[in-house]
Amino acid sequence: MGHWDSCDDSREVRWGILGAGHISHRFASSLKKVDGARLVAAAGRTPAHVEEFCRAFSIDAAHGHASVDDNGDAAYDALIADSDVDAIYLALPHGMHTRWACCALRAGKAVLCEKPAVLSEEEALSIASTSRERGVLFMEAMKNRFCPMRTRVKDLFASGELGRIVSIESVQKLDYGESPSGYLFDPLQGGCLYDMGCYAVGWFEDLLAGACEVSSREVRWRDVSGGRVDWADEIHMSVGGIPIHMVCDGEATYESRLTIACERGSLEIERLHRPELAHVKYSDGRVLEIDAPFEVDDFYGEASHATQLIQAGKLESPIMCLAATQRCAHIIDAIRLKL
């Protein structure tokens, strides 16, 4: 990885951002709090947005790149070629991830890629192959993996207090409204399964080993230009033989939880995509509340972890490795095929 070949946790990691939208603003704000990290460049399609972003985060204008006529291609190429950039936070729409992740990896830039990192297991394999071939870090920014709650949950199950998992239910409901982000209306990359369902799938992949089988999927579709997207999904499936009931709905009153039934009780995690609170109910009537606030915010954990990995010259995250990204994509592929 160029000057990151050897471990040096004192060196500053210089970040560039592909995409200057809302999520990038939130990530950049969090990155300010990460020791050893500095945001030095940004790229996007709209000059005004990139200029505003650079002003907001004190980025030199020479490192702000924008190009309208080619959907941002020249801007993204310029940022990837910037010798002052060590790592890239990839916050473009899902369907653009594989192309630009591979471009960045081939240029020797570490990549932290917004979820879902890919649209298929085939894309995950392509990125993994490029990462390993080039010896450059790639990590999916599945942010609920990097929250303190995830550690508390893993420790609870490792203790054996609740016994083995017997079933899981995930519920994610919100109202996208009439004018959500444009990519949600794209037949290739839109809909609620990719956008919000990937968080639940991330939990399934993290907690359960074994093969995925999908028994049923009911979909409420929304017609869009060029096709349709899933606006609500109800799925019955299993991972490793453990039954899962999964609900996603983009036109409903807000609700977000993961309920894990076990041999000796249950665990309910609130806001499964950015969890800070959970409730344990033991079979003997005891109730325990787990309060696990973010260290800074819900982006800090992934940004700090990625920065430390880059400083240490690591090629994969032990928390969200390449195989985990591939397996999440495999599960979503299996759901999408069940129509």
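Buried here means a relative accessible area under 20%, exposed means over 50%, and partly exposed lies in between (1.4 Å probe, protein chains only). The legends describe a predicted model, in which local features need pLDDT of at least 70 and side-chain atom pairs count only at pLDDT 80 or more, while totals for chains, interfaces and linings use all residues. Residues are numbered from 1 along each chain as its sequence is written, and side-chain values use heavy atoms, with hydrogens and water left out.

View 1. Contact means heavy atoms within 4.5 Å. With neighbours within four places in sequence left aside, H94 is in contact with K115, P116, L119, Y183, Q189, Y194 and D195. Two of these contacts, K115 and P116, are joined by a cis peptide bond with omega near -20°. P116 belongs to the loop between β5 and α5 (121-134).

View 2. K109 lies between α4 (97-106) and β5 (110-114). Its relative accessibility is 8%, so K109 counts as buried. Residues up to four places away in sequence not being counted, K109 touches I80, D82, S83, V85, D86, I88, A104 and V136. The side chain of K109 also reaches the backbone oxygen of D82 at 2.7 Å. This falls under the definition of a polar contact, a pair of N or O atoms within 3.5 Å; within protein, one must be able to donate a hydrogen and the other to accept it, and residues adjacent in sequence count only if both atoms are side-chain atoms.

**View 3. Helix α8 and what covers it.** Helix α8 (residues 300-311) has 12 residues and reaches 16 Å from its first C-alpha to its last, close to the expected 16 Å. The expected span of a helix is 1.5 Å times one less than its number of residues. Of its 12 residues, 11 are buried, so α8 is largely enclosed by the rest of the structure. The buried residues include Y300, E302, H305, A306 and Q311. Among the elements covering them are β1 (13-18), α1 (22-31), β2 (37-44) and β6 (138-141). After α8 comes G313, whose phi is positive, near 70°.

**View 4. Aromatic pairs.** The structure holds 6 aromatic pairs. Rings of Phe, Tyr and Trp (its six-membered ring) pair if their centres lie within 6.5 Å; planes under 30 degrees apart count as stacked, over 60 as edge-to-face and the rest as tilted. The rings of Y76 and W100 have centres 5.3 Å apart and planes at 75°, so this pair is edge-to-face. Y76 lies in helix α3 (residues 73-81) and W100 in helix α4, so the pair ties together parts that are 24 residues apart in sequence. Y76 is buried at 2% relative accessible area, and W100 is buried at 1%. F185 and W231 form a stacked pair, 5.6 Å centre to centre with 25° between the planes. This pair links distant parts of the chain, 46 residues apart: F185 is in the loop between β7 (165-175) and α7 (192-207), and W231 is in strand β9 (residues 227-239). F185 is partly exposed at 23% relative accessibility, whereas W231 is buried at 2%. Ring pairs also link W15, F27 and Y89 into a cluster.

**View 5. The largest nonpolar core.** A nonpolar core is a set of buried Ala, Val, Leu, Ile, Met, Phe, Trp, Tyr and Cys residues joined through side-chain atoms within 4.5 Å. The largest one has 111 residues, of which W15, L18, L207, M237, M246, I260 and L267 touch the most other members. Helix α7 gives the most to this core, with 11 residues. Beyond its neighbours within four places in sequence, I260 is in contact with residues including F157, I165, I168, L207 and L267.

**View 6. Two loop residues with positive phi.** S58, although not a glycine, has a positive phi of about 55°. S58 is found in the loop between α2 (47-56) and β3 (64-66), and is exposed at 67% relative accessibility. R271, also a residue other than glycine, has a positive phi near 45°. R271 lies in the loop between β12 (265-270) and β13 (277-282), and is partly exposed at 30% relative accessibility.

Key
Helix = DSSP H or I, 4+ residues; strand = E, 2+ residues; numbered from the N terminus.
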